[in-house]
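Hello,

Here is the structure I promised to pass on.

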Amino acid sequence: MNFPISQLAMDWPSALSSASSTEMLRSELVLPRHANHYGTLFGPEALSWLGQNAHMVAARFCHQDIVMVAVKDVQFLAPVPVGSVLHIHSGVTRVGGTSMTVEVHARIDNAAPSDVLRATFEMVAVDGGKPCRITPRTPSEPQPLP
């Protein structure tokens, strides 16, 4: 969509509040400070970005305090060169009583449309540091503004 700048500036809260509470897309520019000695995205940096995205979508889904309890099946499928724009997509795929599963995958602009990174995160809702029942946000609840 092409919106005049002034209209886009006025409508971003509406767009944010209508966004899915079970999915999130975030993009990162891979800079030299994120790279290893091969000039590609350093694995721990990539894992941090995936984990942050998993946390954000889980917290947005339920508006509760969330902690990560496990990371499963982390896959580094292709190198991500410095200068790449990495698009990280996360989605809540399972909701239990106190925990949820978040699948995260990432792709880059300048490559074939396939994942370069994948991971599965187990997240738990907590209250006072103890697991508590997940209460998903209802679709009618507005997104909080930053």
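**Notes on the chain**

Just after helix α2, His 63 has a positive phi of about 55 degrees. Before I go further, some housekeeping: this is a predicted model, in which local features need pLDDT of at least 70 and side-chain atom pairs count only at pLDDT 80 or more, while totals for chains, interfaces and linings use all residues. Residues are numbered from 1 along each chain as its sequence is written, and side-chain values use heavy atoms, with hydrogens and water left out.

Now the overall picture. The chain has two helices and six strands, in the order α-β-α-β-β-β-β-β from the N terminus on. Helices (H or I, at least four residues) and strands (E, at least two) are DSSP runs, numbered from the N terminus. Of the 146 residues, 34% are buried, where buried means under 20% relative accessible area, exposed over 50%, and partly exposed in between (1.4 Å probe, protein chains only). Taking contacts (heavy atoms within 4.5 Å) between residues at least 6 apart in sequence, 70% join residues at least 24 apart.

Back to α2. This helix has 20 residues and spans 29 Å from its first C-alpha to its last, close to the 28 Å expected at 1.5 Å a residue; that expected span is 1.5 Å times one less than the number of residues. Its buried residues include Trp 49, Leu 50, Asn 53, Val 57 and Phe 61. What covers the buried residues of α2? The cover includes β1, β2, β3, β4 and β5 (117-127).

Asn 53 is worth a click. This α2 residue counts as buried because its relative accessibility is 0%. Not counting residues up to four places away in sequence, Asn 53 touches Met 24, Arg 26, Ile 88, His 89 and Ser 90.

Next, the strands. β1 (residues 23-29) and β3 (residues 85-95) run antiparallel and are joined by seven bridges; strands pair if DSSP finds at least two bridges between them. β3 also pairs in the antiparallel sense with β4 (residues 99-108), over nine bridges, and β3 and β4 form a hairpin with three residues between them.

In the loop between β1 and α2 you will find Thr 40, which is buried because its relative accessible area is 16%. Leaving aside neighbours within four places in sequence, Thr 40 is in contact with His 34, Ala 35, Pro 79, Val 80, Pro 81 and Val 82.

Finally, the surface. Leu 47, Met 68, Val 71, Val 74 and Phe 76 form a nonpolar patch with about 390 Å² of accessible area together. Leu 47 counts as partly exposed because its relative accessibility is 31%.

Best wishes

Definitions and conventions
Patch = residues over 30% accessible without salt bridge, like charges linked within 9 Å, V, L, I, M, F, W, Y side chains within 5 Å. Areas by Shrake-Rupley, 256 points an atom, 1.4 Å probe, with all protein chains shown as cover. Salt bridge = Lys/Arg side-chain N within 4 Å of Asp/Glu carboxyl O.
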